[in-house]
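Biologist: I would be grateful for a close look at a single part of this predicted model. Please treat the matter in one connected account.

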Amino acid sequence: MTIQAQSKEVVAVFDFDKTLTDRHTFWRYLVSLVGPIKFWLVAITLVPTAIRLWRKKIALMDAREVMIRRCMTGVSSKNYFEKGQVFAQGAIDPWIRPEALAKLRWHQENNHKCILISNAAESYIEPWSRKMGFCAYSGSRFELSGDKLTGQLIGDHCQGPEKVVRLQQILGPLERYEIYAYGDSSGDKELLEVADHPHYRCF
């Protein structure tokens, strides 16, 4: 008599920007957080940083940190989380790719554990992922001092190898699961590599 091996629990892991959505969302959230005047004044000061990025003298994530510091330092935690809720409820849904939403619903209908892992801010991916029925989420986290943002990240940017670290923090040993992963960029490379069913820019 043969004994069938127990099937693994199925997990579907989604990137957010340009995978579930049709555009990048973080800078749009920054506009809503600090207002368009401050955002574009900061953007002007970032022209030298953009030139260094174009000349490959600075890494993309280092340039992102400069923008974060200049936009977010001193923002109240109340404003940060309230604007995240408003952004999640009002802005994001029209940007969701229909084919991505269909795949998410397919996984949910088949009782697969769905997880959102993104470099976007947790202030808006947390309420949006909860609304959409994700089991778990992980994204960029920002340091507070008292009731103000310091402009510093907590830990690493949620991209590249860090996405695998975050997935392991949520699930534990990954070999216990059958993993589908969906991503669109080099920042998803390591996540796609650990998946049994990697999907790069497709569903």
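Is Cys71 buried or exposed, going by its relative accessibility?

Modeller: Cys71 counts as buried, because its relative accessibility is 0%. The model is a predicted one, and the values that follow are computed from it. Cys202 has a relative accessibility of 38% and therefore counts as partly exposed. A disulfide is a covalent bond between the sulfur atoms of two cysteines. The structure holds zero disulfides. For Cys202, the closest cysteine sulfur belongs to Cys114, and the separation of 17 Å is too far for a bond; the cut-off for a pair of sulfur atoms is 2.5 Å.

The volume of the largest pocket is about 740 Å³. It is lined by 25 residues, of which His24, Leu60, Met61, Arg64 and Asn119 are the closest to the centre. The most comes from H4, which supplies five residues. Sorted by class, the lining comprises eleven nonpolar, eight polar and six charged residues.

His24, one of the residues closest to the pocket centre, is also touched by Lys18. With residues up to four places away in sequence left out, the contacts of Lys18 are Arg23, His24, Arg97 and Asp184. Lys18 sits in the loop that runs between strand S1 (9-14) and H1. Its C-alpha is 8.6 Å from that of Arg201, although the two residues are 183 apart in sequence. Lys18 has a relative accessible area of 31% and so is partly exposed.

Most residues other than glycine have a negative phi. Lys18, however, has a positive phi, near 70 degrees. Asn111 likewise has a positive value, with phi near 60 degrees. Asn111 is placed in the loop between helix H6 (98-109) and S2. Its relative accessible area is 68%, so Asn111 is exposed, whereas Lys18 is partly exposed.

Note on methods. Residues are numbered from 1 along each chain as its sequence is written. This is a predicted model: local features need pLDDT of at least 70, side-chain atom pairs count only at pLDDT 80 or more; totals for chains, interfaces and linings use all residues. Side-chain values use heavy atoms; hydrogens and water are left out. On a 1 Å grid over the protein atoms alone, a cavity is a set of points where a 1.4 Å probe fits but cannot get out, and a pocket is an open set with protein on both sides within 12 Å along at least five of seven lines; lining residues have an atom within 4 Å of a point. Grid points are joined across faces, edges and corners, and a volume is the space filled by probe spheres set on the points. Helices (H or I, at least four residues) and strands (E, at least two) are DSSP runs, numbered from the N terminus. Ala, Val, Leu, Ile, Met, Phe, Trp, Tyr, Cys and Pro count as nonpolar, Asp, Glu, Lys and Arg as charged, and the others, Gly among them, as polar. Buried means under 20% relative accessible area, exposed over 50%, partly exposed in between (1.4 Å probe, protein chains only). Contact means heavy atoms within 4.5 Å.
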